[in-house]
Amino acid sequence: MKTETTIQGLTASLSPARSSRKIIGFVPTMGNLHEGHLNLVREARRLCDVVVVSIFVNPIQFGPNEDFENYPRTLEHDSHLLAEVGCDIVFAPSVEQMYGHKPRLTNISVSDITNDLCGLQRPGHFDGVAVVVTKLFNMVQPNFAFFGQKDYQQLAVIRQFVRDLNIPLEVIGVPITRATDGLALSSRNGYLTEEQRKTAPIIFQSLKEAEQQLKQAVNLAEVLENIKQTLTQAGFIVDYVEARTLDLDKIEVFNQDVVLFVAAKLGTTRLIDNLQVKYTV
Ligand code: AMP
């Protein structure tokens, strides 16, 4: 496995794969890798000849009061894990390498779907994601790019600008990887105290309970309210509990497949999760 920290180095490492028309798979990450990330890499390994993983904590997707400075940076350990799952190239650029020294005057803004859910709580976040992912796509020029359904809205944003801008690659969504107690794996879980970590799986439990209620024909608004109450009683500060269609349209009545979304804080740690619920007649 090779590690590259410059765009020039990355291009040189990818040149043999490009000239022999190998299928290149790409997994963008912010590092501090866990099984959720590794499952994306395994999927890339399964479908592609050459697997590139980027590790870059992207400053422009963090708000002023968010955790950019404290975000865990564990490159050495991440590299060991990536070597074990068969990654070929790790791309770990510096902020200077990614953004240079001249001001950036171009933005990529996806409307509508970003004015909702996490987009309301984190203004500018998805623009920051769209810019960095586009830059990385141009550097790696992959055939396939892999993203987790854990960040469902992010995946929708990426699919949208890839389609709108004719970026020549295929986006693959990978299901959420969970701990045995149901908590969706996240680098931010590491911020939780022991006590909070015990409380955190209630998010997934409340989503599963909601799924049961929907199947028993409890009304959608009531189901969402029940999740809110469960979380609040358990000590969460709820940012939002919402239902959307698979395309992220608003939905009032459970008459098609829905995705239930939760964003909630335990102390200062913000956790997100979602669950797709199938509609069966
Ligand atoms: P991050 O390092 O948090 O930016 O995540 C990098 C990629 O890993 C994104 O596509 C995430 O959606 C994905 N990811 C993170 N956690 C999980 C998880 N628990 N299950 C599936 N994908 C995940």
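A polar contact here is a pair of N or O atoms within 3.5 Å; within protein, one must be able to donate a hydrogen and the other to accept it, and residues adjacent in sequence count only if both atoms are side-chain atoms. A polar side-chain atom of D151 lies 2.6 Å from a ligand oxygen atom.

Some ground rules. This is a predicted model, where local features need pLDDT of at least 70, side-chain atom pairs count only at pLDDT 80 or more, and totals for chains, interfaces and linings use all residues. Numbering runs from 1 along each chain as its sequence is written, and side-chain values use heavy atoms, with hydrogens and water left out.

Back to the ligand. It is surrounded by 17 residues (a heavy atom within 4 Å). The closest are M30, G148, D151, T177 and L185. G148 puts a polar backbone atom 2.9 Å from a ligand oxygen. H37 has a side-chain N or O atom 2.9 Å from an oxygen of the ligand.

Next, Q61. UniProt, in an unreviewed entry, places the feature "binding site" there; such annotations may be inferred rather than shown by experiment, and positions follow the numbering used here, with feature names shortened. Where is Q61? In the loop between β3 and α3. Helices (H or I, at least four residues) and strands (E, at least two) are DSSP runs, numbered from the N terminus. Is Q61 buried or exposed? Buried, at 9% relative accessibility. The cut-offs: buried is under 20% relative accessible area, exposed over 50%, partly exposed in between, with a 1.4 Å probe and protein chains only. Leaving out residues up to four places away in sequence, Q61 touches M30, E66, R122, H125, G128, V129 and V132. Touching means heavy atoms within 4.5 Å. Its side chain also makes a polar contact with the side chain of N58, at 2.9 Å.

Now the aromatics. Rings of Phe, Tyr and Trp (its six-membered ring) pair if their centres lie within 6.5 Å; planes under 30 degrees apart are stacked, over 60 edge-to-face, the rest tilted. That rule gives seven aromatic pairs. One is F56 with Y99, tilted, 6.2 Å centre to centre and 45° between the planes. This pair links distant parts of the chain, 43 residues apart: F56 in the loop between β3 (50–55) and α3 (75–84), Y99 in helix α4 (residues 95–99). F56 is buried at 5%, and Y99 is buried at 15%. F62 and F68 have ring centres 5.4 Å apart and planes at 65°, so that pair is edge-to-face. Last, F26, F137 and F147 form one aromatic cluster.
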